[in-house]
Each structure stands twice: as C-alpha cells, then as structure tokens.
Amino acid sequence: MTGVPLTPSDALTPECQVLTRYLTGAEATQYVLEKYQAGHAALHATCGTPPTWFDHVLLAVTRRGPLGAGLVDSYTRWFSKRSVVRYKLTLLLAVLENSPGFYHRVTSAIVGSRWAVLGRLTLTALREAVVLLVGVVIFGPLNLVAAATRRKSR
C-alpha cells in the first residue's frame with residue numbers, strides 16, 4: 001500500500017469512533033484517536049498490496065456504524081483475512097489494549113458460574129453465526145467478483 005492512502009486523514013476520526021464503539025461499546029478518547037491516526041501511517045507498509053475496490057466497499061460498510069463493522073469483521077475473519085479492514089481492526093485493538101479506560105474492556109474474562117459463562121458463550125456463538133451468514137450473503141458475491149477481476153488482470 002505504499003503511496004496509496006488507505007483512508008483520508010479527515011475520515012480517520014469517525015472511522016476510529018465507529019470501530020471503537022463496535023469493539024468496546026464506548027466512544028474513543030482523544031488518546032485512542034491520536035494513537036490510531038499515528039499507527040495508521042504504518043499500515044501503508046504493512047498491508048502489502050494496494051486496496052481493491054472490494055476493500056473500499058468493506059470500508060464504506062464499516063464506516064456506517066457498529067452493525068456494519070460487525071458484518072464486515074465477521075465476514076473478513078473467515079473469507080478475506082488480508083483485507084484492509086482486518087489490518088485496521090488489529091491496529092485499533094492493539095491501541096485499545098494499551099489505553100487507559102479501555103484495556104479492561106478488551107482483556108477481561110467472562111465471569112460467573114459455569115452455566116452463566118456457558119450460556120453467554122452459546123448466545124455469542126449463535127449471534128456470530130447469524131452475523132456471519134448475513135455477511136456471506138451480502139459480501140460473498142462481491143468477493144467472488146473481486147477475485148475474478150484480480151485473476152483477469154494478471
């Protein structure tokens with residue numbers, strides 16, 4: 001991605017806010033915004049290839065809100081692991097893990113009785129399965145077209 005901006009710098013603040021809300025349920029602090037912006041510059045060297053039109057679609061959906069971010073996260077976790085959104089989520093997760101006021105939200109364990117923990121994990125797994133299914137229906141055909149386009153351009 002060298003030389004190709006992933007996101008205009010004026011769009012990083014709202015993007016960071018949406019992703020922070022998705023990951024933690026809270027608003028990003030000034031510290032998180034600054035570290036996300038600073039770390040974002042390193043993504044140019046990390047990602048390797050320029051973003052595709054499919055990456056831009058995924059980013060546009062992600063920026064619409066936590067629901068869109070969840071759909072994109074679930075889909076890319078399984079089917080597009082090298083997408084720009086995955087790199088951005090990883091960057092922000094690293095920032096949040098080391099941020100005052102957020103690290104406990106990211107690193108804390110589920111507590112309670114064995115049955116309460118099992119119940120929460122089961123509900124989370126069911127929710128994630130539904131979100132993944134919706135993501136596959138929405139993004140799967142687009143990803144197939146993007147893959148076909150990449151093969152033709154080689």
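Which side chain does D73 meet in a salt bridge at 2.9 Å, N to O? I looked it up, keeping in mind that this is a predicted model. The partner is R77.

**Entry 1: the D73 pairs**

I checked where the two residues sit. D73 and R77 are both in helix α4, which covers residues 66-79, and they are four residues apart, so about one helical turn separates them. D73 has a relative accessible area of 6%, and because the limit for buried is under 20%, I put D73 down as buried. R77 comes out at 30% relative accessibility, so I list R77 as partly exposed.

Next I looked for another partner of D73. The side chain of D73 also meets that of R86 in a salt bridge, at 2.3 Å from N to O. R86 belongs to helix α5 (residues 84-97) while D73 is in α4, so this pair ties together parts 13 residues apart in sequence. I noted D73 and R86 as both buried.

A reminder to myself on the background: side chains of opposite charge can pair when their charged atoms come close.

I then asked what else R77 touches. R77 forms a salt bridge with E128, and their closest N and O atoms are 3.7 Å apart. This pair links distant parts of the chain, with R77 in helix α4 and E128 in helix α7, 51 residues away. E128 has 23% relative accessibility, so I count E128 as partly exposed.

Which residues end up joined in one network? I wrote down D73, R77, R86, R127 and E128, connected by salt bridges that share partners. For the whole structure, my search turned up seven salt bridges.

**Entry 2: the largest pocket**

Rolling a probe the size of a water molecule over the atoms shows where empty space is left.

Which helix gives the largest share of the lining? That is α7, with five residues. I also listed the helices that each supply at least two lining residues: α1 (9-24), α4, α6 (103-107) and α7. By side-chain type, the lining of this pocket divides into nine nonpolar, four polar and four charged residues.

**Entry 3: a nonpolar patch outside**

I moved on to the surface. V130, L133, V134, V137 and I138 form a nonpolar patch there, with about 450 Å² of accessible area together.

I looked up two members one by one. L133 is in helix α7, residues 114-153. Exposed means over 50% relative accessible area, and L133 has 56%, so L133 counts as exposed. V137 is in helix α7 too. At 59% relative accessibility, V137 also goes down as exposed.

Y75 is 62 residues from V137 in sequence, yet their C-alpha atoms are 9.7 Å apart in space.

**Entry 4: two spot checks**

Is L43 buried or exposed? I got 6% relative accessibility, so L43 is buried. L43 sits in helix α2, residues 30-46. From L43 to S153 I count 110 residues along the chain, and 25 Å between the C-alpha atoms.

Last one: H56, which I found in helix α3 (residues 53-62). H56 has 42% relative accessibility, so I filed H56 as partly exposed. H56 and A125 are 69 residues apart in sequence, with 28 Å from C-alpha to C-alpha.

Terms used:
Residues numbered from 1 in each chain as written. Predicted model: local features only at pLDDT ≥ 70, side-chain atom pairs only at ≥ 80, totals over all residues. Heavy atoms only, no water. Patch = residues over 30% accessible without salt bridge, like charges linked within 9 Å, V, L, I, M, F, W, Y side chains within 5 Å. Areas by Shrake-Rupley, 256 points an atom, 1.4 Å probe, with all protein chains shown as cover. Salt bridge = Lys/Arg side-chain N within 4 Å of Asp/Glu carboxyl O. Buried < 20%, exposed > 50% of the residue type's maximum accessible area, 1.4 Å probe, protein only. Nonpolar A, V, L, I, M, F, W, Y, C, P; charged D, E, K, R; others polar.
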